[in-house]
Amino acid sequence: MNIQEVSVFIIYLIFMLAIGVWFFLRNNSQTEKGYFLGDRKMGPWVAALSAGASDMSAWVLMGLPTSIYALGLGQVWISAGLAIGYSLSWIYEAPRLRTFSIAANDSITIPQYLTNRFMSESKSLQIISAAVFLVAYTIYAASSIKACGTLFNTVTGIDTTIAMYLAAVIVISYTFLGGFSAVSWTDFFQGMLVLCAMLIVPIAAATMLEPGASSKIAAETPNYWNLFTSWQEVISGLGWGLGYFGMPHIIIRFMSINSQRELRKSAKIGISWTVIIVIFAALVGVVGRMFIGFDEAVNNNSLVFVVMTRRIFPAIISGVLLSAVLAAAMSTADSQLLAAASAFASDVYRPVIRGDKAGNREMLWAGRIVVLVIAVAALMIASSPNAGSIMSLVSNAWGVFGAAFGPAIMLSLFWKRFTFSGAACGIFTGAIVDIAWLMYMSDTGVYEIIPGFFAGLAVAVLVSLVSPKPSKEVEELFDRAIGMAGE
């Protein structure tokens, strides 16, 4: 155990907890909207970096670089897909989603927005959406908790399972106390830390490479430098970008921004941050392969960034840089827990279980209890020896969200003829096809989000066309939201 690295970790964790306590004491009487959406008062920098940090979990520092480290440049298509998809979501989806969610009865969750968008009295869409949320977010949060456990074990020697529980307690604490504001501000600081680490480590390692390192890799793995190893790899990598259109814990940030003017600033900041991150994630993998050489232990535990950092820098600096991995994992886990909690409290507990009897205080505690329940379930998955790698857990959850919600949300923003039935059927179909493809067709080499997304899109369109057209009030809501967006 390195005392200096551990000391930096402890200071960092105390700082994160302090943010949660600060917002709890400052907003002890906050409303449901304040806890789950920060009262739509997020500034451009906080919103942008929070969206980016909640997206780029530890998988972008551990899973993705290690995939490129082990398999080669063909995996870079994932980075390309992420950069393209994220940019398009900020440019086209964000402006409309913010105004549509306000026009749709000031909705504070994605399922609530989809229901209010069609002025429907039915709660079926909210319940279907919340069910997908709870399942997918449990798997997604498990990947973040597993990453924390792996990092703690590597740096401190603490048992991996114990380390997972410790990380979960920290994340639960500040999410439980401070809600959306605490999560967004911790994500802001964590996003800055991740950016610094991703810039420093591969550049430093590149200056220390031995001559002929790239040739040695070509001899070991002949196709390592080949960008086009198969059409499945290219299509699947680019398909990751589809996930952004339906990723609730990311696009909820679009709804929280203070104004359309600040949203445009956020878009520039957010796109720039993410493009830099995915480029340097690829560099970590490539430079790491040349710097370390292939090591099965590094590959199995997704440790290329961690090992490279510890070899290059003295303990006090490596402690700060490795805190970025912890930051990436925690910044995503907190957002996932909060999004799942808001989905259950606002979309199931109040409309289905309690109705108008549920006051703000009761809703806050319902959400907090869900945070605990999902965190416990995620811990059980993460600590299982059959859980799979960090990257595989993320890809599974990412695929479900993108396939289920991406088509429905985009159609709701850009097609006036879209119907409630089309949305419900599209979400259900996207999720089912994605899961079925993963279970029975994964040997095709095509990422399950692609068939899931387009199946959900096709069903949503077809069902809408055969359904009665939206009412005049729903069409007026659409036109009003377009006007609010300044189009």
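This is a predicted model: local features need pLDDT of at least 70, side-chain atom pairs count only at pLDDT 80 or more; totals for chains, interfaces and linings use all residues.
1. A residue is called buried under 20% relative accessible area, exposed over 50%, and partly exposed in between, using a 1.4 Å probe and protein chains only. R261 has 60% relative accessibility, so R261 counts as exposed. R261 lies in helix α12, residues 260–292.

2. Residues are numbered from 1 along each chain as its sequence is written, and side-chain values use heavy atoms, with hydrogens and water left out.

3. The fold has 20 helices and zero strands. Both are DSSP runs numbered from the N terminus: helices are H or I with at least four residues, strands E with at least two. The protein has 487 residues, and 61% of them count as buried.

4. Contact means heavy atoms within 4.5 Å. Take the contacts in the protein with a separation of 6 or more: 84% of them come from residues 24 or more positions apart.

5. The protein exposes about 17900 Å², with 66% supplied by carbon and sulfur atoms. Accessible areas come from the Shrake-Rupley method with a 1.4 Å probe; for residues, only the protein chains shown count as cover.

6. R261 belongs to a surface patch of positive charge, together with R264, K265 and K268. Patches take residues with over 30% relative accessible area and no salt bridge; like charges are joined within 9 Å, and nonpolar side chains (Val, Leu, Ile, Met, Phe, Trp, Tyr) within 5 Å. A salt bridge is a side-chain nitrogen of Lys or Arg within 4 Å of a carboxyl oxygen of Asp or Glu. Lys and Arg count as positive, Asp and Glu as negative; His and the chain ends are not counted. Each charge is placed at NZ of Lys, CZ of Arg, CG of Asp or CD of Glu.

7. There is also a nonpolar surface patch. I84, L88, I91, Y92, L238 and F414 form it, with about 530 Å² of accessible area together. Helix α5 (residues 76–103) gives the most, with four residues. Y92 sits in helix α5. Y92 counts as partly exposed because its relative accessibility is 48%.

8. I235 is in helix α10, residues 231–239. Its relative accessibility is 38%, so I235 is partly exposed. I235 and V446 are 211 residues apart in sequence, yet 7.3 Å apart in space, C-alpha to C-alpha.

9. S120 lies in the loop between α6 (110–117) and α7 (124–156). S120 is buried because its relative accessible area is 17%. Not counting residues up to four places away in sequence, S120 touches T115 and F420.
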